[in-house]
Structure formats: structure tokens, C-alpha cells
Amino acid sequence: MNGELLTETSAAELARRIRAREVGCVEVAEAYLDRIEALDTKLGCFLTVDRAKTLGQAKAAQDLVDRSEGGSLTGVPIALKDNLSTEGMETTCASKILKGYVPPYDATVVSKLKREGLTILGKSNLDEFAMGTSTENSAFQLTRNPWDLDRSPGGSSGGSAAAVAAGMAPLALGSDTGGSVRQPAALCGVVGFKPTYGRCSRYGLIAFGSSLDQIGPFGKTVEDVALISEVITGHDPMDSTSLSMGPVAAHGLRSGSLKGLKVALPKELFGSGTHPGVAEKIQESIDVLAREGAEFTEISLPSLGFGVTTYYIIAPAEASSNLARFDGVRFGPRSEGKGHIGVVERTRAEGFGHEVKTRIMIGTYALSAGYYDAYYVRAQQVRAMMQQEFNQAFQKYDVVLSPTSPVPAFKLGELTQDPMALKLLDYCTIPANMGGMPGISLNCGFTDGLPVGLQLLAAPLEDEKLLQIAFCVEQALPTATQWPSFS
Amino acid sequence: MSISINEVRHVARLARLELDESEILSFQGELNALIGHFEDIQTIDSSGIEPLSHAVAMQNIWSEDTVAPTLPRDRALANAPISRAGLFVVPTIIED
């Protein structure tokens, strides 16, 4: 089998061929490493690739396969967002303040991948500390959208999304604090899934907004995303917010009818800000699903109108606290300065980029004496209202459907001047993080050659149900996997 | 509400960020733009609503207090910008 075909194969199919001994783990890893070498100078998805390490893991995976001890994805390569700690492999969060940092331990998800025998291709680019939705806030490089190299892949997990879209990785992991898995998945035309908060251990994920952060996978199909979710989820005593539940059991996805599926359409997520091409593709999808028997009801969740504000108070507040650890004492570079505070202040001034500083400032302000009640407490109250409204909706409806992003991929540099321009586009993805719900983005077509993402949300803990519904929706939609033509 | 220059200085100090005068001015503009967008939540009637700090209600996660291997000292220190005699070297806190 030639390399080109291997890099256009789903993870499930790759794993099947590996188990059937039709292809070796090393051959698969080489095909992807070669493709990264050939294409990544153009796309900028990866910050670190270590060919020898990857091939060593592939050899070990092959040993597992040869002893018939492999799991569902043994030998399948995967890319990791560079905010996931990898023992012995640099982990930077795309920030100068962590340049050269080599974690002494693996994140729990990384240990799980290694145990299962997946091969790690490298570390993918992101907005610095996952703060952004275009991957343009990386301190090191731009990542380009494989569907149009002048456009952003979305963010903050833009490197992971673009790598899967371009066939440089069959699977990738990202993290989703306000949409950072689902939005780049939408903009790159792949599947992105955020599990229920607490189903995936955050141990070793470098923290941004601890009550919102959740690790999630990218793949070409819902089945791929379900398979990898099963590997990375499950209770972990190292994360005290980890739920006492087993892994997401999603290996048994079944084709099925959508008849009687109750779908809510919150009008707040279908506002006038929706790009006409996106609105058209979402409506076409709704029509297709309705013909298959799904029942749609327009609802109103009034607090969603305050989602962006609530998020941009709570997430920076948590970030301002989490990022206090970067002080140039235990890791990262240390700048010269006067006294202890002078050293810390200059280290942080020189190490953090502008957007990170902005969020630390806004978060510190929102938590400071005199403003705490007006901003932080109030935002938490709105968060409570939002969760309550969703809980009520999920008593009546199976899923909530909306666009993932109100716009398709935007031009690089187009939205960087106004500090609110990009943030105002996050309103469709933020609610899932506020309420801890699982959410998934699927490609539902193209507008002017750019992918359009359809988002489905389910009640907390209904990850399996959501993946099963998404699987049926994917089969009903007439959008067979397409490949960007840049290569 | 709008943020004054002195408040920007105060917040930067709390956040341990050294900013020069031009940055302070630019952050004043940016923070005011952001805060301006945030005013909408002041219009909501949230009286009697219990603030939600965490989406999944959990409390008191206990673990047994057992002795177990931890990271060896040399590996814990490996990323330190300066270490000496098996310790992290911190900047001087109390001047002579």
C-alpha cells in the first residue's frame, strides 16, 4: 500500500489493516512523517516532530500487534496539542515563557495513548496558552488552513485540526475551554469532540480555565473520534475533578434511523451575525435530517446572549490565577530584574505575548477588590442561569443543534486589530463549557470552498448518546469526506 | 465603569507584569474596550441566583494519605533556570 493512501485512511480502517497485518505500524508512521516533512513547511501545524522517537514507538506498537496484545487503535499515529505534557518532549504552549521546557512526566491522556500503542507524531501549534480562536497568537509560527492557505485554521487547537484536515495525522488531541476543539474542527472540515467536563483527566494539561478546560479529539469521522475518546477518557485519581465513571464507551456505534429524534434550535445561536453561506448549509442539513424523521423545534435560551461576556470574565479570571506559576523559578527562562518582584515582573513581561497579558490583566481586574461582585460573581450567576436553561431544554430534547462557528475560516490578519472581533464569534461554542456539556462539530458542507461546521450538544454525561446521534447524522448528511486540493 | 491609568498600573502590579508607559496606555484602551462589552451583564436581574463556580457539582474528593514514589529531585530540578545543591534558586526576597 502506498503512503498517499495510508494518509487518506480513517483511523478505524488503519487500525483494522494493522491488526490484519496488511500494513505495519512503522510503515504507517513513516507515511505520516513523510507527509509532515513534505507539507508542513507550507502549513505550519507542528512545533515539534521527533522522527526517531515516533518510529521507536511504532516499533513497540508492532510488537504489541505481533503478540496480539494491541487495542482498538494500536499503531495509529496521533498529533498532540503542545499544551499536553509529554515526558522527554518539549512542551511550550506556544509561549516564549515555556521555550525549552521538557516535562518530567506525561499527561494522563498521553500515558493512556502510550499504553494503547498509539504513535505520537509530534506537538501541534496553538494560540499561546490556548488563548485565541485563530492560532495567530502562537509565539512561534502561523498555521494555515489547508482549504485556503491565506486563511486561519481557527483555534486555539489550530495545528491539530489542520494536521488532520491535511492528512498529516489521522487523529489529534486538542483542548477546549470555550470551543478550541470544535471551532477549528469546523473551520478545517473535520470532526471535533469535547467530552463532558470531568470525563477526560486534565492531569498534565497545562491549565487555562480550570472549570472549563476539557481535552478533546479530532478525527476524520465520528467513528474515529469515538474510538480515541474511549482510549483517553475514564476516571483518574490525579485529577480531583475527574468523574468516577468508566471511559466513554463508544466502540459500538450503530447505523440507525433519526426518526423521532428531538432536536432543539436555540434562536440565540442563529442570529443575524451568521454568515449567509453558513446559514444556508445548516438549513440544508436541517432539511435533510427532517426528511429522515428528526423533529426540530425552535427554542429560546435567553442567557446565551450573555455567553461571550460571561466567558471572557470567568476564563481570564481563572487564567490569571493559573498563570501565576510562570515566574521564572521552577521552569522557563528567568529575566534580570530588581529584587524578587522585579525578576518575576520582567520574566513575565518578556515571556508572555500580548493576548495572554491582556487576559491576565482583565482576569486580575475582574477578581480585584471592588470589582469582584460586579464582574466575577455576576458572571457566575449568569453561568448558573445558562446551565439551568440548558437543563430544562434537555428534559424535552435529545440534542441542541447550531452552527459551530457563525463564520467560515477568515483571512489571517483579518480580525487581529479589534480585540473583541474574534471573541464575539465564540458564542456558539461557549455554552458547552459553561454547562460542562459534551459537544461535537461535524462538517456539513462547503461555502465558497470553505468548510461549514454543524454543532450538536447533549446533556452532561450523555457522551455516548451524543456520539451515536452524531454518527447517524454524519451518515444522513451528503458530505462524504473531501480533501483539500492544496497538495 | 472605566479604568484609569492608575488602575492599570495597580492591576499590572497585582498581576506581576512589568509594563512600560506606552504599554500602560495601550492596555488602558484595550481593557476599557473589553469592559465596555461586559457592561451588558449588569442589566440582568440575577437576584437570588447562586453563583456557579463549577459545571459539575463535586466536593470533598478524598484520597488516602499514603507514601509513594515521587519525581526524583534531579528531574524535578531539570527545568529550573538556576538550581544549586539540589534546590531551586529563587531571586533575593529580603535585601541585606
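Predicted model: local features only at pLDDT ≥ 70, side-chain atom pairs only at ≥ 80, totals over all residues.
**A short tour of chains A and B**

Hi everyone, let's start in chain A, where A:Cys93 sits in the loop that joins strand 2 (77-81) to helix 5 (108-116). Helices here are DSSP runs of H or I with at least four residues, strands are runs of E with at least two, and both are numbered from the N terminus.

Residues are numbered from 1 along each chain as its sequence is written, with chains lettered from A and ligands numbered from 1 in the order in which they are written.

Back to our cysteine. Most residues other than glycine have a negative phi, and most peptide bonds are trans. A:Cys93 has a positive phi of about 55°, although it is not a glycine. Is A:Cys93 buried or exposed? A:Cys93 counts as buried, because it has 29 C-beta neighbours inside 10 Å. The cut-offs are 20 or more other C-beta atoms within 10 Å for buried, 12 or fewer for exposed and anything in between for partly exposed, with C-beta atoms placed from the backbone.

A:Asp448 also has a positive phi, near 50°, and is found in the loop between strand 10 (439-447) and strand 11 (450-457) of chain A. A:Asp448 is exposed, as 8 other C-beta atoms lie within 10 Å.

And the peptide bonds? The one from A:Gly155 to A:Ser156 is cis, with omega near 10°. A:Ser156 belongs to the loop between strand 3 (119-124) and helix 6 (158-165) of chain A.

Now the sheet. Chain A has an open sheet of 11 strands in the order 1-3-2-4-6-5-10-11-9-7-8, with mixed pairing. Strand 1 (46-49) and strand 8 (295-299) are the edge strands, each pairing on one side only; two strands pair if DSSP finds at least two bridges between them. Strand 9 (residues 399-403) and strand 11 of chain A run antiparallel, paired over four bridges, and A:Leu401 stands opposite A:Leu456 of strand 11.

Let's move over to chain B. Helix 2 (residues 21-38) of chain B has 18 residues. Which of its residues are buried? They are B:Phe27, B:Glu30, B:Leu31, B:Leu34 and B:Phe38. These cover an arc of only 100° around the axis, so they fall on the same side of helix 2 of chain B; the arc is taken from the directions between the helix axis and the C-beta atoms. On the other side, B:Glu21, B:Ser22, B:Gly29, B:Ala33 and B:Gly36 are exposed.

What do the buried residues of helix 2 of chain B pack against? Their partners are helix 10 (307-322), helix 12 (354-367) and helix 13 (372-396) of chain A, together with helix 1 (5-14) of chain B.

That brings us to where the chains meet. The contact takes 44 residues from chain B and 58 residues from chain A, where contact means C-beta atoms, placed from the backbone, within 7 Å. Helix 2 of chain B gives the largest share of the side of chain B that touches chain A, seven residues. That side divides into 30 nonpolar, seven polar and seven charged residues. Here Ala, Val, Leu, Ile, Met, Phe, Trp, Tyr, Cys and Pro count as nonpolar, Asp, Glu, Lys and Arg as charged, and the others, Gly among them, as polar.

Definitions and conventions: Expected span 1.5 Å × (residues − 1). Contact = placed C-beta atoms within 7 Å.
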